[in-house]
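Please look over this note alongside the coordinates.

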Amino acid sequence: MLGNVSDAEDIVQETYLRAHRALVDGQFDGRSRVRTWLYRITSNLAIDALRSRKRQRVVSDDRAVGVSDGLAAAEARVALTELDDWLSVLPAEQRAALTLSVMEGFPNAEIARILGCSEGAVEQRLVRARTTLRSSIRSTDDD
Amino acid sequence: MTDIDDAIESRLSRLAAETKNVGPTPGFEARVHQALLTHQEATLWSGILRQGRLGIAAAVIAAAAAVVLAVQSERVYDSEVAVTYGAVELGW
């Protein structure tokens with residue numbers, strides 16, 4: 001979702017800390033599955049990070065990829081950079097919905113639970129995301 | 001579906017496959033574990049401090065109650081001694 005392993009690691013670490021705090025304080029009510037709950041914390045943090053990144057307009061050069069094989073790491077690094085650059089045209093909520101759908105393979109109902117919105121809103125975000133990507137491809141072709 | 005739609009879907013699928021094996025950098029788990037331990041310690045200390053503050057408050061309230069009780073007891077004792085003394089005097 002963030003296109004950057006370093007940022008993703010920060011978000012995952014913060015997710016574990018928040019989850020730990022919530023469990024200690026008894027804030028996890030058990031209404032959703034633990035996996036959905038953890039994805040919800042992660043997604044919210046990632047959306048906040050994407051918004052703040054857009055505000056700051058900071059481009060990080062640190063795109064380290066944690067795969068052991070050198071060749072695979074290089075390929076993954078290129079793919080991550082390409083993905084990050086391509087999806088940077090999307091608003092954070094649309095990017096989150098598209099990533100959860102295409103990259104993680106979640107059904108819309110699960111994405112709705114993770115993002116705390118209706119299934120209709122998820123479908124709308126996915127359609128809008130694809131429309132924006134279509135426009136970006138057209139404008140790239142025109143250039 | 002148009003060619004552009006096909007292109008978008010195939011590019012998304014390709015990028016999903018190529019980034020599938022991306023994992024954390026070496027030492028990430030240890031860093032998270034350390035962060036959790038530090039957080040747990042901080043939570044423990046803040047819990048102890050919170051309990052300590054509650055204990056001090058309870059002790060202050062108990063001390064104040066004890067002082068009030070002692071003063072009241074002293075007053076009752078004094079008045080009873082005075083009555084006894086008066087009674088003895090009357091007896092004389």
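How many residues does the contact take from chain A, and how many from chain B?

1. Interface. Chain A gives 25 residues to the contact and chain B gives 21; two residues are in contact if their C-beta atoms, placed from the backbone, lie within 7 Å. On the chain A side, the elements giving two or more residues are α1, α3, α4 and α6 of chain A. By class, that side has 16 nonpolar, 3 polar and 6 charged residues. Here Ala, Val, Leu, Ile, Met, Phe, Trp, Tyr, Cys and Pro count as nonpolar, Asp, Glu, Lys and Arg as charged, and the others, Gly among them, as polar.

2. Basis. This is a predicted model, in which local features need pLDDT of at least 70, side-chain atom pairs count only at pLDDT 80 or more, and totals for chains, interfaces and linings use all residues. Residues are numbered from 1 along each chain as its sequence is written, with chains lettered from A and ligands numbered from 1 in the order in which they are written.

3. Chains. Chain A has 6 helices and 0 strands, in the order α-α-α-α-α-α along the sequence. Chain B has 2 helices and 0 strands. Helices (H or I, at least four residues) and strands (E, at least two) are DSSP runs, numbered from the N terminus. Of the 143 residues of chain A, 28% are buried; for the 92 residues of chain B, the figure is 4%. The cut-offs, on C-beta atoms placed from the backbone, are 20 or more others within 10 Å for buried, 12 or fewer for exposed, and in between for partly exposed. In chain A, 65% of the contacts with a separation of 6 or more join residues 24 or more positions apart.

4. Core. The largest nonpolar core has 28 residues. Such a core is a set of buried Ala, Val, Leu, Ile, Met, Phe, Trp, Tyr and Cys residues joined through C-beta atoms within 7 Å. A:Leu2, A:Ala46, A:Ala96, A:Ala97, A:Ile111 and A:Leu115 touch the most other members. At least two residues each come from α1 (5–24), α2 (34–56), α3 (70–87), α4, α5 and α6 (119–142) of chain A, and from α1 (3–18) of chain B. The largest share, 5 residues, is from α3(A).

5. Helix pair. In chain A, α4 (residues 92–103) and α5 (residues 108–115) pack at about 135°, axes 10 Å apart. The pair is therefore oblique, a class left for angles that are not under 35 degrees (roughly parallel), over 145 (roughly antiparallel) or 65 to 115 (roughly perpendicular). A:Ala96, A:Ala97, A:Leu100 and A:Ser101 of α4(A) meet A:Ile111, A:Ile114 and A:Leu115 of α5(A). The classes are 6 nonpolar, 1 polar and no charged residues.

6. A:Leu115. Buried or exposed? A:Leu115 is buried because 20 C-beta neighbours lie inside 10 Å. This residue of helix α5 of chain A is in contact with A:Ser43, A:Ala96, A:Ala97 and A:Val122, leaving aside neighbours within four places in sequence. A:Leu115 and A:Tyr39 are 76 residues apart in sequence, yet 8.6 Å apart in space, C-alpha to C-alpha.

7. A:Arg51. Helix α2 of chain A holds A:Arg51. A:Arg51 is partly exposed because 13 other C-beta atoms lie within 10 Å.

Key: Axes fitted to C-alpha atoms, helices over the stretch in contact; angles between N-to-C directions.
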